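Please look over the sequence and the structure shown below.

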Amino acid sequence: MTIRNLEYAARPQSVAVIGASRREGSVGNIVMRNIIEGGFAGDILPVNPKYGEVWGRPCHRSVAALPGPADLAVIATPPDTVPGVVAALGEKGTRAAVVITAGLTRENGLRQAMLDAAKPHMLRLIGPNTVGLIVPPARLNASFAHMAPAEGGLALLSQSGAIATSLVDWAAEENVGFSHIVSLGDMADVDVGDYLDMLAGDARTRAILMYLESIPNPAKFMSAARAAARIKPVIAIKSGRHEQSARAAATHTGALSGADRVVDAALMRAGILRVKELAELFHAAEILARFRPVEHARVGIVTNGGGAGVLTLDRLIDRAGALAELSETTMATLDAALPANWSRANPVDIIGDAPAERYAHAVAAVAADPGVDALLVLNCPTGLASPIEAAEAVAGLASKGTISGKPVLTCWLGAATARGGRHLLQNAGVASFETPDDAATAVGYLYNWSQRQRALTRVPSSGTADVAGDRERVLAIFRKAAAEGRRVLTEPEAKAAVEAYGIAVPKTVVAETPEAVEEAAATLLATGGRLVVKLVSKAISHKSDVGGVVLGLETAAAAREAAEAIGARVAKARPDADIQGFAVQPMVERRHAHEVIVGLSRDPIFGPVILFGAGGTAVEVVADTAVALPPLDDVLAGDVIDRTRIGRLLAGYRDRAPADRAALLRTLNAVSRMIVDLPCLASMDINPLIADANGVVALDARIEIAPDEIDRPAPNPDLAIRPYPEGWDQAVELDGHRYLLRPVKPADVALYPPFVDKLSAHDIRLRFLAPRKHFPDQMLLRLTQLDYARDMAFVALEADGGALAGIARLSCAPDGLTAEYGLIVRTDLQGHGLGWALLARLIDYARATGIGTIEGMILSENVKMLAMCREFGFKLSRHPNEPGLSLARLTLN
């Protein structure tokens, strides 16, 4: 349901407290006190049959006795009463409630009874088992927190009430204020994804902080998180990083907690910065809200103490930062401004007696260097110069915390002497820290967040991820295995499946007997090389465990003997296992090749997950792997390669040529496509995948399926991120012009500039409701990088040359019930029916995906669009608040 009716929790005009009490120390008493003492200006309506008044307010005997519906209700009554209270609130007209009460579980049925009572009225429920809700801008403290937080620009979403109140306490000490504090509790209805959606559009919120223990609806969470992270910084702690703590978190929330590395991959994909400590939430928020993302983390350090500079450099490198290499021009500028005994390197040690003027010259010179992305300025107290004056000099150079447009972070070391300098810098808008470690950590926050932001906007090259696969051929293999009662494919079956998606495998002959092995070997050896003989058994998937693989065979007789020996070893180790035969194949021998693994597993929260890393029989011991959520493209596939140590080896070193990266990307994209096409895939290992400059070859493969899911339709509904919509391409011919209509792809961003150049100023004004001369790169990226779970755009491409001819777009509300549409056709191609074809395609898609209503705002002078809307059956009306605008609405479902 997402943000429906949540505005009543964010901006209520009246609050009812069900279970309000006069008993000291009770939850109902503390909630009433906090609401009143917080200064809430709306109506406060206590409800409890025991009292005539509570905290000076008339107390109502029941919800039915209230004079009218409260915008927001706070429920603090015994668990078995909550479903009835919710039903009464819904009938009264209340549309949002905070359920503080604990003890409503799946096991006792009260949780579901509460949800059933709320559903007919679309009454949104926060909780149960929550500390409450605090909205400082509305002066609302509907919680039993021990203190009221200050108003500010941070929103806090916490699944733990204890963590929420602890952060409120810390924030008071740090002078940090909030726009919202939401203790989400057990998230029976409203969850973190819902609030992310609401806060993304909240002007008072400049950054969102989250404490997470579980993610109950991963697809909704990923959509909401990606949308919010594009607009403002989102920072998260996810507990349960280790197996024991994950079990504790699951016990606490009553929900599954996925593998931590998968959570990390999901947060990275969503553009969220993950931190480990509670205090880091505030420190990271301060940095990310202050600065724009940086391309790199090349840091210039200016210090009056060499030791402080070296210590800072150590911490910087620990946190993935890098020391900038200063240009010859910068070095010359510094030579002219600094004493002869300055360090002549980065860190720039300007000597302990550095006055304010020396600081100013050095900092300005380093900031101007094109190879510097950020500055760290340090000051150690001495009796030779004033730290206050040095701080004034740095503050005087800064504008909105930057110098030459680059982030500036400062560290005035010490306590009594340095405190004044830090306060001066902070008051001037310059980030200042007490220790080099804190300052270097802040650079790490900025760089890691910048990487995640770039991942949201980087454009894959055209066509790399467009892997073709023979889905029906693979399903036939799966059905045969399922008919035999098997979940695990034999190696030849698994190789045939991956080969159907373009992954190269060696030629393999399956022979049923050692004698047949000898015949097959003779044929294969005729082309040269050596052979491998492997066990084929439906009962044994890990062949090496029973000695089921023999390498380096040079004669047909040796191949027969190898098969006989494998049979004997299996009979001894696994007498219960049937042998179906032996796989005979050429031995792939590449001297400088690397063994890697590409795999698939299922996470209990996020569903299918792709794994890449160092392969071979020691894969678990080496433990050099990275994971990613599908679907992938070449950018995302490259990221997962680069997060491994073997990724650096694959890039080439010394006399080793780089491995064929394009082939590796195609393999990862092929596995991604298999996951999208084949929901029944339970797990898969391609190990080893041999990779070198000549390409990749899968030497072995193992696939497990879920037989009862073979007939599930594609695309895979278990994906946390919706893939590119297949099956929506359409060729049309209009007045002799031929076009391809298809969903937009990220690589289409390259088609936009020439398209915009051929739009008239008049057409741009009609489409965007105002004149527009410039379309920033970030805007074009957002127009082409869609979350297909929420948005859709169809492009019309000229059949001759592929130029962009028109675009039709749908932007859905988070609940998926309504969507706003937009449409524009290139000025020189109008009048031939292309706009009609695009709008028809958009309506077909909306109807097929269950969107209820399409709406659009149209300038009243746009007579052609208004006429088209009438022909499609839209209802037109004047905009109630904007003269000159018409509203078009088409009801579909």
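**Briefing on the predicted model**

Pro631 sits in the loop that runs between strand 28 (625-628) and helix 22 (634-642). The model described here is predicted. Its protein contains 29 helices and 39 strands. With a radius of gyration of 32 Å, close to the 29 Å that the globule rule gives for 893 residues, the protein is as compact as a globular protein of that length.

**Overall form and surface**

- The C-alpha trace of the protein spans about 95 × 80 × 65 Å along its principal axes.
- Of the 893 residues in the protein, 55% are buried.
- When contacts between residues at least 6 apart in sequence are considered, 70% of them join residues at least 24 apart.
- The protein exposes about 37200 Å², and carbon and sulfur atoms supply 51% of that area.
- Its side chains include 91 positive and 100 negative ones, and the centres of these two sets lie 3 Å apart.

**Cis peptide bonds**

- Most peptide bonds are trans.
- Pro630 and Pro631 are joined by a cis peptide bond, with omega about 5°.
- A cis peptide bond also joins Gly127 and Pro128, and its omega is about 0°.
- Pro128 is placed in the loop between strand 7 (124-126) and strand 8 (132-135).

**Positive phi angles**

- Most residues other than glycine have a negative phi.
- Arg344, although not a glycine, has a positive phi of about 50°.
- The loop between helix 12 (328-337) and strand 17 (348-349) holds Arg344.
- Arg344 has a relative accessible area of 43% and is partly exposed.
- Ile351 is not a glycine either, yet its phi is positive, at about 80°.
- Ile351 lies in the loop between strand 17 and helix 13 (356-368).

- Ile235 belongs to strand 13 (residues 234-238).
- Ile235 has 0% relative accessibility and therefore counts as buried, the cut-off being under 20%.
- Leaving out residues up to four places away in sequence, Ile235 touches Ile208, Leu209, Met210, Ile272, Leu273, Val275, Leu281, Ala284, Ala285 and Leu288.
- The C-alpha atoms of Ile235 and Leu281 are separated by 6.6 Å, although these residues are 46 residues apart along the chain.
- Glu280 is part of helix 10 (residues 278-290).
- Glu280 has a relative accessibility of 18%, so this residue counts as buried under the 20% cut-off.
- Apart from neighbours within four places in sequence, Glu280 is in contact with Val275, Thr441 and Tyr445.

**Helix 27**

- In helix 27 (residues 777-784), the buried residues are Leu780, Leu781, Leu783 and Thr784.
- These buried residues line one face of helix 27, because they fall within an arc of 160° when seen down the helix axis.

**Strand 30**

- Ala698 is located in strand 30 (residues 695-698).
- Ala698 is buried, and its relative accessible area is 0%.
- Not counting residues up to four places away in sequence, Ala698 touches Lys495, Ile503, Ala504, Val505, Pro506, Ile686, Pro688 and Leu689.
- Ala698 and Ile686 are 12 residues apart along the chain, and their C-alpha atoms are separated by 6.3 Å.

**The segment before helix 1**

- Arg4 lies in the segment that comes before helix 1 (7-10).
- Arg4 is partly exposed, with a relative accessible area of 26%.
- With neighbours within four places in sequence left aside, Arg4 is in contact with Met122, Arg124, Asp815 and Leu817.
- Arg4 and Glu871 are 867 residues apart along the chain, and 31 Å separates their C-alpha atoms.

Methods:
Residues are numbered from 1 along each chain as its sequence is written. Side-chain values use heavy atoms; hydrogens and water are left out. Helices (H or I, at least four residues) and strands (E, at least two) are DSSP runs, numbered from the N terminus. The radius of gyration is taken over C-alpha atoms; the globule rule is 2.2 Å times the number of residues to the power 0.38. Buried means under 20% relative accessible area, exposed over 50%, partly exposed in between (1.4 Å probe, protein chains only). Contact means heavy atoms within 4.5 Å. Accessible areas come from the Shrake-Rupley method with a 1.4 Å probe; for residues, only the protein chains shown count as cover. Lys and Arg count as positive and Asp and Glu as negative; His and the chain ends are not counted. The place of a charge is taken as NZ of Lys, CZ of Arg, CG of Asp or CD of Glu. The arc is that of the directions from the helix axis to the C-beta atoms.
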